[in-house]
Amino acid sequence: MRLTEFWRRMNAHFGDTYAESWARDYVLAPLGGRTVMQALADGESAKTVWRAVCQVEDVSPKLR
């Protein structure tokens, strides 16, 4: 998954305004206690991070 697709899905799920804030502030256990932004900065793939988001959020099947 490309990073642009990751952010498209984040924006579709959370909304354009809230997606970045959520990614910066919400700590995810599946990412080892990191935020989305931290995990991406550490080199985690967008696909791995998206799967972690799907584990903690009720993401629409269309976006999974």
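Biologist: Leaving out residues up to four places away in sequence, Ala46 touches Met1, Arg2, Leu3, Phe6 and Leu40. What does contact mean here?

Modeller: Contact means heavy atoms within 4.5 Å. Before we go on: this is a predicted model, where local features need pLDDT of at least 70 and side-chain atom pairs count only at pLDDT 80 or more, while totals for chains, interfaces and linings use all residues. Residues are numbered from 1 along each chain as its sequence is written, and side-chain values use heavy atoms, with hydrogens and water left out.

Biologist: Okay. Where does Ala46 lie, and why does Ala46 count as buried or exposed?

Modeller: Ala46 lies in helix α4. Helices here are DSSP runs of H or I with at least four residues, strands are E runs of at least two, and both are numbered from the N terminus. Buried means under 20% relative accessible area, exposed means over 50%, and partly exposed is in between (1.4 Å probe, protein chains only). Ala46 has 8% relative accessibility, so Ala46 counts as buried. Also, the C-alpha atoms of Ala46 and Glu5 are separated by 8.6 Å, although these residues are 41 apart along the chain.

Biologist: Which other residues of α4 are buried, and what covers them?

Modeller: Along with Ala46, the buried residues of α4 are Val49, Trp50, Ala52, Val53 and Cys54. Their cover includes α1, α2, β1 (27–28) and α3.

Biologist: Why are α1 and α4 called roughly parallel?

Modeller: Two packed helices are described by the angle between their axes and the distance between the axes. Axes are lines fitted to C-alpha atoms, for helices over the stretch in contact, and angles run from 0 to 180 degrees between N-to-C directions. Angles under 35 degrees count as roughly parallel, over 145 as roughly antiparallel, 65 to 115 as roughly perpendicular and the rest as oblique. The axes of α1 and α4 come within 9 Å and cross at roughly 20°, so these two helices are roughly parallel to each other. Their crossing is left-handed. That word is used if the near helix is turned anticlockwise from the far one by less than a right angle, and right-handed is used if clockwise.

Biologist: Which residues make that contact?

Modeller: From α1 come Leu3, Phe6, Arg9, Met10 and Phe14, and from α4 come Ala46, Val49, Trp50 and Val53. By class, this contact has 8 nonpolar, no polar and 1 charged residues. Ala, Val, Leu, Ile, Met, Phe, Trp, Tyr, Cys and Pro count as nonpolar, Asp, Glu, Lys and Arg as charged, and the others, Gly among them, as polar.

Biologist: And what makes α1 and α2 roughly perpendicular?

Modeller: α1 and α2 pack at an angle of about 110°, with their axes 7 Å apart. That angle falls in the roughly perpendicular range, so α1 and α2 get that label. Their crossing is right-handed. Here Trp7, Met10, Asn11 and Phe14 in α1 meet Asp16, Tyr18, Ala19, Glu20, Trp22 and Ala23 in α2.

Biologist: How do you know that Trp22 counts as buried?

Modeller: Trp22, found in helix α2, has 4% relative accessibility, so Trp22 counts as buried. Beyond four places in sequence, Trp22 touches Met10, Phe14, Leu28, Val36, Val53, Val56 and Glu57.

Biologist: Why does Gln38 count as partly exposed?

Modeller: Gln38, in helix α3, has 40% relative accessibility, which is in between the two cut-offs, so Gln38 counts as partly exposed. Compare Thr35 in strand β2 (residues 34–35): at 5%, Thr35 counts as buried.

Biologist: Last one: what makes a set of residues a nonpolar core?

Modeller: A nonpolar core is a set of buried Ala, Val, Leu, Ile, Met, Phe, Trp, Tyr and Cys residues joined through side-chain atoms within 4.5 Å. The largest one here has 19 residues, and Phe6, Met10, Val36, Trp50 and Val53 touch the most other members. α1 (3–14), α2 (16–25), α3 (36–41) and α4 (46–56) each supply at least two residues of this core. The largest share, 6 residues, comes from α4.
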